[in-house]
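Welcome! Take a look at the model below before reading on.

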Amino acid sequence: MYKTVFEITQMDCPSEENLIRMQLDGISGIAHLHFDIPNRTLSVYHQGTVAPIENAVLALNLGGKKIATEPTEQRTFKEQTTQKKLLYTVLIINFAFFVIEMTTGLLATSMGLVADSLDMLADSFVYGISLFAVGGTVTKKKRIAKLAGYFQMILACIGFAEVLRRFFGTEQLPDFSTMIIVSLLALIANGICLYLLQKSKSKEEAHMKASMIFTSNDIIINLGVVLAGVLVLWLNSSLPDLIIGTIVFGLVIQGALRILKLGK
């Protein structure tokens with residue numbers, strides 16, 4: 001048995017953890033995966049060569065890098081799989097805020113909120129694939145991942161087109177108060193999701209939960225939309241909203257490409 005440690009710089013929330021689990025699913029010789037999200041490391045306990053595992057991790061483009069491989073005497077592992085009810089909970093929270101942000105974004109004519117809603121939908125896809133494909137064949141999981149990735153990509157491209165239309169058109173200013181309030185609520189929801197998914201971790205890691213939450217991409221996106229709302233008010237311009245919308249749509253497309261890689 002060997003223990004290989006990977007540093008994964010862009011693994012900052014359980015959504016990336018689920019992507020990695022799906023990516024490594026089906027690789028023979030893997031006995032256990034231990035994720036340390038706050039420190040952005042993954043320890044893989046495996047038999048045989050590490051090459052296919054390393055190639056699979058690097059293929060996700062999450063900033064993965066092998067740190068070390070060493071023999072280990074460990075043969076038994078404490079099961080740390082996420083409980084189904086927690087996955088259902090975060091799936092419902094993410095999808096609910098997708099609906100909330102999409103609806104309020106359209107009503108407030110805010111592309112930042114619309115883009116953030118798609119980011120919530122992207123996380124819902126990842127949790128949904130992990131949950132509903134449990135026990136299914138690798139082929140089934142890949143088919144679901146491919147459909148989710150293409151759907152996410154299409155929505156993001158439509159969003160980009162709408163940003164361009166508004167940039168060259170004469171759209172009314174987005175409602176800055178709605179942008180700020182809804183984004184703050186989404187920030188709280190993301191924090192709750194991260195807490196729920198991490199509460200089964202060892203107590204020794206509890207003190208690191210706060211730093212994990214505040215370094216999450218989802219939290220940063222929420223704060224970006226809040227800042228855009230403030231700038232809309234201050235500058236009396238829709239440009240900050242269009243800029244944050246463009247950035248988030250780019251992140252959504254990046255996430256879609258990662259999901260599509262799981263479908264290959």
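Which residues are linked in a network of salt bridges? They are Glu162, Arg165 and Arg166. Please keep in mind that this is a predicted model. Side chains of opposite charge can pair when their charged atoms come close. In this model, the count of salt bridges comes to three.

- Glu162 pairs with Arg165, and their closest N and O atoms are 2.8 Å apart.
- Glu162 and Arg165 sit about one helical turn apart, because three residues separate their positions in helix 5 (residues 138-168).
- Glu162 also takes part in a salt bridge with Arg166, where the closest N and O atoms are again 2.8 Å apart.
- Arg166 and Glu162 are four residues apart in helix 5, so about one helical turn lies between them.

**How open the network residues are**

- Glu162 has a relative accessible area of 21%, so this residue is partly exposed.
- Arg165 is partly exposed too, at 44% relative accessibility.
- Arg166, at 12% relative accessibility, counts as buried, since buried means under 20%.

- Lys65 and Glu7 form a salt bridge whose closest N and O atoms are 3.6 Å apart.
- This pair connects distant parts of the chain, with Lys65 in strand 4 (residues 64-71) and Glu7 in strand 1 (residues 2-8), 58 residues apart.
- Lys65 counts as partly exposed at 46% relative accessibility, and Glu7 counts as partly exposed at 28%.

How values were computed: Residues numbered from 1 in each chain as written. Predicted model: local features only at pLDDT ≥ 70, side-chain atom pairs only at ≥ 80, totals over all residues. Heavy atoms only, no water. Salt bridge = Lys/Arg side-chain N within 4 Å of Asp/Glu carboxyl O. Helix = DSSP H or I, 4+ residues; strand = E, 2+ residues; numbered from the N terminus. Buried < 20%, exposed > 50% of the residue type's maximum accessible area, 1.4 Å probe, protein only.
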